[in-house]
Each structure stands twice: as structure tokens, then as C-alpha cells.
Amino acid sequence: MTTIISIRNASVQFRSGPPWAPRIVNALHNVSIDIKPRQIVGLVGESGSGKTTLGRVCLGLQELTSGTIEFSGTPIAKLDRKQLKGQLAAVLQNPRMSLNPSLRVAHSVAEPLKIDRHLSATEARKQVDKMLERVGLASGVGNRFPNELSGGQRQRVSIARALITNPKFILFDEAVSALDVSVQAQILNLLRELQSSAGFAALFISHDLAATRYVCDRVVVLYHGGIMEECGRRMLYREARHPYTRGLQAASGLIDAAGTALKLDDRAGPSSGCALFRRCPVSMPRCETQLPPTRTSGEGSVFCHLVSDAGATSSGDGDPISHDARGAAQTPFRRRSLHMPG
Amino acid sequence: MRDLLNVESLTISYRTRDHLVTALLEVSLTLAQGEILGIIGESGCGKSTFSSVIGKLLGPAGVVENGHITFGGKDVLSFSGQELRSYRANDIAYVFQDPMNTLDPTKTIGAQFRRLISASAWRQKAIEALAHVGLTDWRRVLPSYPHQLSGGMAQRAVIAMALIRKPRLLIADEPTAALDASIRCSVMDLLTAWCAEIGSAMIIISHDIPVISNYCDRIGVMYAGRFVEIAPAEDFIVGPRHPYAMALLASEPGQEGEDAVLQSLEGSPPPSISRAPGCAFADRCIYRTAPCSAGFPPLVACGSSKVACIRLGDIHGEAAS
Amino acid sequence: MILQPVIHHWRDFNRADRLAGTASVTMMVLILVALLAPLLPLDPPDQVAAHPRLSEPSADLVFGSDNLGRNMLSRVLQGARITILLSAIAVLLASVAGVAIGLIAAYSGKALDEIISRFSDIVFSFPAVLMGLLITAIVGPGEFAAICAIILVTLPPIVRVVRAAAMEVTGTDYVTIAWLSGASPARLLLVNVLPNISVPVVTQVAYSISIGMLVESALSFLGLGPQPPAASLGSLLREGSVYITVAPWLVFGPAIFLVIAIWSTNLIGEGLRVFFDPVRARCLEE
Amino acid sequence: MSQILKFIAFRVGSALLTLIGVSMFIFVAIHMLPGSFEDVLAPRGPEELRQQIADKFGLNQPLPVQYVKWLSAVATGDLGISLITQDPIADSFATRVPVTIELAVLATITSALIGIPLGLWSGLAHRRTAVSGIARVAGSFIMSVPDFVIASVFLYVFSRYSLGLTVGQWVPWHEDAIGHIKSVILPAATLSAVGIGLFITTTRNAVIGVLSKDYIMAAQARGEEPRDIVRGHVLRNISNPLVTTLSIYLAYLIGGAIIVEYVYSVPGMGRFLVQGLLNRDYPIVQATVLVIACAVVLINMAADVAYGLIDPRLRKG
């Protein structure tokens, strides 16, 4: 099976600061991801993790400092934007800013169609109406302006616009984070439903692990520009293997926080070694100086000394740290003791 | 426990160019000393109005149409001048959503601490307060301007400023919304631990259900300007009673099984709060019947909770009685 | 019927800021009166000895008469027409050029943007009247000089406003997505950027018109604007200032007209700014 | 500290670049003026005389060479000589620049002292519509009256009812100190009026803008006194718009006071420029415009540096 998007050893550096003292920031460091047809890959990370940069890389909006990115087997740098049009689409974060406020909704949705295929106005309108209905919007919505719609409706319009050219790949960048909880669930369900009917591949970027695992087939966890863990969605319904992923799981109330919560440390990570070192609840002296090796198994890849050590001794089902915690019952939003010791 | 805060049938509107927009409708609530109350609800439900009226911070457009707020036996809404300032300075404290906007951009953190503590020992006290929130690197933090700190550090500095004068009530309006998920718990741990130490009560307003359910004693759910359910946290997370609260919890990803489908709540929260009689949630409610649109459902006791739904008995069967 | 939506929008505008609402009506009336002056039952502005020389204002002769016995009201209306038309034409040209240059600066790469910004900094370093003097020195006094001067004075701020607003809009998601779907630069700028920067641009244009009237009348006051027999409000003020001690109405007539026109335009500009971007300020005393 | 120094150095460098651009602009503009130096000095003179003049002013050299020569002369303080009087222009500047600066300083101090407090008061009282409305109307009205209209009104009032001030005549300080004060008041007042309107309006808008910020609400929520909030948060945060206004106003005073100097016969830079233009005395025009534009560039540079000092977020390149 060919891959839709294949990223190999991608690194992106930004130069910032005043011209007399440029600072170089590694936004992405040696990241490799494959997105196969009809697959939704989740990308989880917090602010500064490089997840938005990676999204921009996939759309060809950001050049790589090193590494390669291929779209359907052709390096993106060599592809003409004209050739790609209609095959890539995006649904971006802020529903308020993702629609042109001076165009009627139907017009916005039809825009990619008009550019891509030279359809007559009535034919385009017919397709637009069909698409709006498919994303669950009433027929009158097409004639309204974006400021007359609610956040959820706007995001449905964005999805309709992304789907209208039947693209091979769609980027969802924080597409549900600005929505209210009750509306967010509607959009997540719509996404799953559309994906199974339209069959696009997608990269779903979010800071919310719980929402990501719900819609994705595979999830990549990013921290400070580097991949910490890559695994199938099933793994995230149990305890993940990487301490950072488990820290995020604990923060979303998915697993017990005891012993898994990440430490609060404002210092930068060590210059060589694991970026998570200072915040990791189970860090070892070695983590400060040595970059963790990749440990790949059937469940995916983990970049952690501890997992790799355990894997070397007992190459079983590869879940060495949390064997005692896994037995705990799955109570929703488990409560924790209110007061910290000391 | 003696009541610290007592809110009674509070109705608040905002004046716009040509009419009044309702924000809170007949809201009543009591808060005990040292208690932690969480308020959840979706945008526009009135939770931020509720938090700001406690400090009489509605701003010029806000109008209190009806109701009372008493704090420690004193009528808050009648405060003015020096009395109001000393209430705000000594009795309550606020932590707002975005630390970057609530800190003066042109002053260092040290200078902003100095405005709070007049004593000559301000520096020592500020260092202690910063240590309380895990900012031990005060040599870097005090001379920094807000934009030189990360969002997490700035928010912790804001918390230190809020708690340094040992308030009796801390009102935290979306305290973790601007923070990364992985430090939310740590910040909330520090916040609640310090509040417990000084015996401060707390009102946490958030749309983040995991945060609310982890750290609160009691949880209030707001919809369209009213509380529709107020329940002890233990009971609430196991089984909310109001149809809206049930739907809200069911639509939050995180507790569903591996192959389950999220129960989504159709429609969207009302864009403006209506005073028409009847339950505001009725048009999205799967349990709706004709009487639902007849009158405001009052908050009635249901076990240890209070719920505003006339169909409680039918929905939960004998559990309601 | 065509006026229906206009009146509707004006009502909203007036409700938000009554002063600006009144100013917009005043400005409308001033423009209409100035444009329709030839149709009004008045002496022609150039009719010498229509009245006794230097008559004081009276019921029939609202602004009095000048040293040649011309009706000052007719002359003021004619002067207002010149002043308003010249600044309107100049600001229109400056806006078109400013929008084009600002869009190019915002959209093009760093080098061109830097050149445009630097150039508008340089032009902006010349105070308005100084720029007017330089232009008149080069092209000779007259309407053309006035128009050129107004354009050069109002252009740099318009370019700055357009550039800043366009930069903000080009960073938005909908422009990114339109780019992604293969839209041409022209389509991006005309469909996705231009309509969404209209608010700051319109506000700036309103201010520019008041600056234009100011520059035009200042040049005319120095005798460098439209040449006799044409007389703008500034020229009338210049002529009148000779007789200021004996016939102050020669100055006050055009002065009142000019001040009301500039004031109304400024109020409209401010009203537009507040209307589209209202701030909710807190009150410190409670 | 070093960060601030570097920031200032960056701003100075950027201003120098603009200065070079400004000087080129002026040089080109002057060479576009109709009528050459020969036409001015010897309109119907014989060919040899015209040739002599051209040689004297180096007019036969290529333009870039002329430009570089002019610029290097300016750098040593040699602004050239007047075509008409043959006096060094630098000498005339020595008497004229102080006059313009005196007026500018007086006008700035008066208008800032009156305009800023009024604007502050009106902005802080923005809820009391009467006070605020009057201040707003007054501010925008004063700002909308052109300086020559104010000057005309003053001329009328003070010449009609002799109120003890000198009208339309400049008395130098060293001749008669009291007479000087009497002659300085009207031009300074005219210039101040423009500034007062400007300061009231911008201060008021800036105050209202700051009062809508969250940190003001946070300060209120901490129970700070209104007086402390104004002193501690409002004043510092309205400084940037005030610096902008001040720089625009100073630029107007240095270069744009032309009309006021013309109306009141003040022997300052503006009048010098107008006379130079009317006489087609191009070296004077070139030197005056250059000095004024340089002053404006320097004012803008100072404003840029001030922005960075006031608001730490702007201390970047």
C-alpha cells in the first residue's frame, strides 16, 4: 500500500530574536511519520511541541531544514501547487477566523471548487448544497454570512469546504478545541462518519489526548519537537508506555494521576539527552546525557530508556512499567486526593 | 460550617446599545468556609458573570436587577468606596483566565508584587509566595516582564499574587484554560494545597470537566443563566441527575470505551438567555414533555443534590424520591 | 427606496455615536449646498458690485460683501466646492494608490516591503505644509499642485494602515486555506483580503479627507493653491485677512464653513472607528 | 542593559538610513525645480557669465557627484550660500533656528500641560457623559480649526481691541525683554491651541483604551485605590500613544509652523523657507528643507527609542 504522506527525518529550525543576536529554535527534530490511505493519524502535543509546524509542513506551507516529505510518493518540494490543488485540504483551529467574513457561506464552500474545476455556478451550487447537507447543515445556511452562525456551524462549514473537492488528505489543526463540549462531540462524531464514507486520510492535530484517541487510528505524541511515542489508538485506552504520554493521560483524567503526573520544572531540558528529563516522574541519570533509542514493537515506537531497557529483558507485550496500574478499574474522571503531602 | 458566601435570587443583565441582555437568572447559592465549589457550563451560560459579580466587578454595563450577595454576613452589593476596596483587597482574590492580559505588560513581576505588599519585607514575602507555587527561581522571575515568562509561569505568579494576602475566598475563572494539559494538574495541586493551608474557600469556574471533578467538593452546572444542578462532587461524577449534566458528561471524550460512540448532544447552547417561561434546555432535551415549557423548573433537593428538572422522577425512577 | 438601507445603517451609526451621526448629516448638507450652489437663487460669485463694498452681514447678505461688492455667501459656497472637490479627488487617488501599494507591500516578499515602508517613512518625514510648499515650487501653484500635495501627504498613512491590516488578514486561516486550494494572488487579494480590510481603510480615508481640506486651504492661504479668479476657502481667508480689522466677516464666513467641514469629517472618522471597534472601558470610581 | 543599548543602536542606524533617503529625496526634488541657478542669477546674462555660475556651483558635474559633494559639505556644517545675498546660509540659521525652537518649546509645554490633564480627566470620567462629552467635543473642535484660522481670529481680536500684546511684529529678546514676551505670546498661543486639541483627543482615547484592559480589572479586583491605578497602570500604559502624538506635534512645530510664522512675521525657519521659495533662492530651500526633515527623522527616532523604554515588549529590532 502506498502512503499518502510520508515524512522522513524532518527537522525545522527557526531563527528568531533581533538581527544582532539570532536565536535558533528547533521546532521539529528528526520526525518521521507515515499516513496511509483512509487513515487518521493523531498528533498530540502541547504549545511549543512543534505540532502546528508539522501541520504546516504537510501542507507545504513550511519548508524543512532537513529531511524529506513525500505526497503520494513524490517529494512535495518538487510538486507544483497547481498540481496539488484539490488533493490537500485543511480545517483549522479558530472557527471565527477560518471563514472569510465577507463571503456568504455557500460562496466560501464553493471557492476551492471554482478554482479546481471550472464548473458553472448552478452546478457548483448544487454540489455545495449537497455537501452542506452532508455535514448536517440546514439548506438555508448557505445564504448566510459566517458571523450569523454558531461556532459549531462554522466548523461544519469548514469541513464542508475541505471535503468539497474530495481530497486525498485533510489536515485538522485543533479543529474542535475552540468548541463547547456538547458541540465538540457532534463534530467528532461527524468526522468519524465522514471519514468512513469519504475515505480521506487525515492528520488530526490536537492538545487533547481524549478527543484525539476517539477519532484517530494511530497517535503520535510530540514533545519539544521530537516524537515521544507512536502507537495505535488501542494503546491509549489503556496505559501508554511512554511516561510523557501517561502524564497526558493522567492530566485528561484517563488514568490515575498517582505516580504518573509530570513534574513542574521551568528550566529548559538538557542539551543532550531526553528533552523530558526534568519533568519525567521516572527519569534516570542516564536520561540527562543520552538520547533514548527507538524501541519499535507491534504496538508502535517508544523513545524512552526505561521502555527500551525493559524491552531488552522481557520482550513480551511491551508494557513493562505499568503492569500493576493496568488492573485498576476504569472509573470516569477519577477523583484524586485533594491535598499534596507536605 | 458557617456560610461564607450567600447568593440569593440574583438576576443580572448587561446594558447594550438598545436593550438589556440577561446574563444570570434568579441564581441562589451558598458557600461554606473552606469549601471548593466548581462551576461548569458552556460559553455564554453566565458563569463568568457569576464570578465577577462576587467582587462587584461587573463593569459599567452590568446591572443587578434583583437579589443579594452576603459575604461573612455583610451585604456585598451595598459596598462602595473604601469598604469595597478593603473587601476586595483582604477578603477575596481573583485568578483570571489569561495571565498575560491580567498582568500589567510594562511592569516587572517584582514591581507588581510590590504594589500588593507595602511592607519593607515585600521581597521576602514575594519570594515565599513564589516558592509556594513552585517558582523557586525568583532571581529570574522577579525582574522579568510578563512577556518574558511562559504562560504557565505567569499564571503561577498570578496565583501567588492572589493568595499572598490570604483571602477567605479565591475565585478562579478558567484558571487552567491557558495552560498546557501536562501542567494543569500540578498547578491545580499547588493552588488547592495552598488554599487548604490558609483555609480559603474557592470557586473554580471551568469548562474542563476533569479539572472540576478532580478538585472540587461540590459542583454546580449552569445552563442559560441558571444553575440546573448542584451536587457533591462524588455523587456528580458517578451519576449526574439533570438531563443537561448527563448529556454534558456523556459528550466529554475520556470515559467512553474503546469502541463506543460518544453520546453527542444535538443543537447548540442558546445564543442569548431568554426569560420566557419553561426549561431553557427543553428544546435539546430527549426527555422533553409538554409541561417542560410551562414554567421555570425550581431547584429541588434530590438526595444530596439539588436539580432543576420536573421530570426527575420519570428519568431516574425511584432514585429521585 | 435605494436610500432605505443607507438610512437603516445611518440609524445604527447615529445610535452608537450621536455626535458622529449629526456630523455625517452636516457634512452631507455642506456638500450638497456647495455642489448645488449654482442652482440656488444667489448672486453669481464673480458678480462685482452686486452690493455695496464691504457691507456687513445682514438678513439678505448672510456673510456680507467683499471689497469688490461680491456676495460673500456665493463666494464661500464656490470656495467650499473647490476645497471639497480638490480634497475628495486627491484622497480618492491617494486611497486607490495607497490600497494597491499597501496590498503589494503586505503580500510581496521582504525586500519590496522594506523598500515601500522605508519610502513611506521618508515621505512621512516632511510635514504637510512643507511638502505642499515643495510641490508647488516644482509644479507651480494651482489645483494640480494642491492635488499632488494632498496625495503625497495622505498616501503614507494610508499605505501603513492598509499594509498592517492586510498583514493581519493574510495571516488568517481563510487566506491560508484559499491559498491551499490554489487561488491565484489576484484572487487572494481581491476576494479574500481586500473586503476584509475595508473598516480601517475607510476610517483612515475619512481622516485623510479632513487632512486634505486642511492642506488645500493652507496652501491657498499662502497663495499657492488655485489661482484667481478661482478662489477656494483658503484663498478667501487670505484675501479677507487684509481687511481683518475693518471687515472681519470676510474671514469669519469662510472660516466657519471650513472649520465645520473639517470638524464634521474628523467626527465621522472617529465615529467610524468607535462604531466598528467599540471598547468597553471600566470605570475606576464605583 | 546591553539589550537596551543594542536596541537604541539599531534605531539610530535605521534613522541614519532614512536620513540618507531623505537627503536624496530633497536633492532630486530641488533639481526638479523649474529654472536653473543660472536663470535665477543671470536671467539674460551672456553665455560666459552663465558658464561661470555653473562652474561656481559645480553644476556641470554628474548629479551623483554633485550629491556627494553637497552631502559632504553639509556634514562639515557648510550649508552653502544664498544665491541672492551671497551670505552663508549657516549664519542665517544661527539667528533663525533659536526662534523656531523657542516657539516650539513654549507651545509644547503649554499644550502638554493643558491638554494631557484635560484628556486624562475626560477619559477617566468617560461614564459621566456631560464632562466627558464636553471635553470630547472641545478636543475635536480645537483640533479641527486650522492654525491660520486661529491666527486670523487672534489678529482680529488683538488688533481691534488693543489688549497689550504685540501683533504681527517680532521683537528679539536682546532688544527688549518685555516686548519680546509680548510678541511671543500670540504665535505661541496659536501653536498651542492646535496641540491642546491633539493632546486632549489622544490622551482621552488612550485612557479609554487602557481602561478596557484586563489588568485594570485585575487591579480593581485586588482593591487598589483609583488614584493608585491611575498612577501605577494608566499613566505608564498611555505613554506610548502620547509619545506618538508628541512626535507628530513636534514635527508640525519644527516644519509646519510655516503658516504661523508667516502670519505673525516671525523670523523663524518657516518664514525663511517661504522667502527662499518666493525668491527662487534654491540653496536656502534645499538647506532649510534638509534641516527640517532631519529634525523630523531624529524626532521619530527618539519616539521609537521611547516606545522601547516604555514598553519592554517593543525592545526588539
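The model is predicted, so local features need pLDDT of at least 70 and side-chain atom pairs count only at pLDDT 80 or more, while totals for chains, interfaces and linings use all residues. Residues are numbered from 1 along each chain as written, chains are lettered from A, and side-chain values use heavy atoms, without hydrogens and water.

Start by colouring chain A by domain: domain 1 is 5–219 and domain 2 is 244–342, with bounds from an automatic or database assignment. Now select the contacts (heavy atoms within 4.5 Å): 5 residues of domain 1 touch 7 of domain 2. About 530 Å² is buried between these domains of chain A, 62% of it from carbon and sulfur atoms; that's accessible area (1.4 Å probe) lost on putting the two parts together, summed over both.

Next, pick A:Glu46, A:Leu209 and A:Arg213, which supply 71% of what domain 1 buries against domain 2, more than any other three residues.

Now hop to aromatic pairs (Phe, Tyr or Trp rings, the six-membered one for Trp, with centres within 6.5 Å; planes under 30 degrees apart are stacked, over 60 edge-to-face, the rest tilted). Zoom in on C:Phe13 and C:Phe275, which sit edge-to-face, 5.7 Å centre to centre with 85° between the planes.
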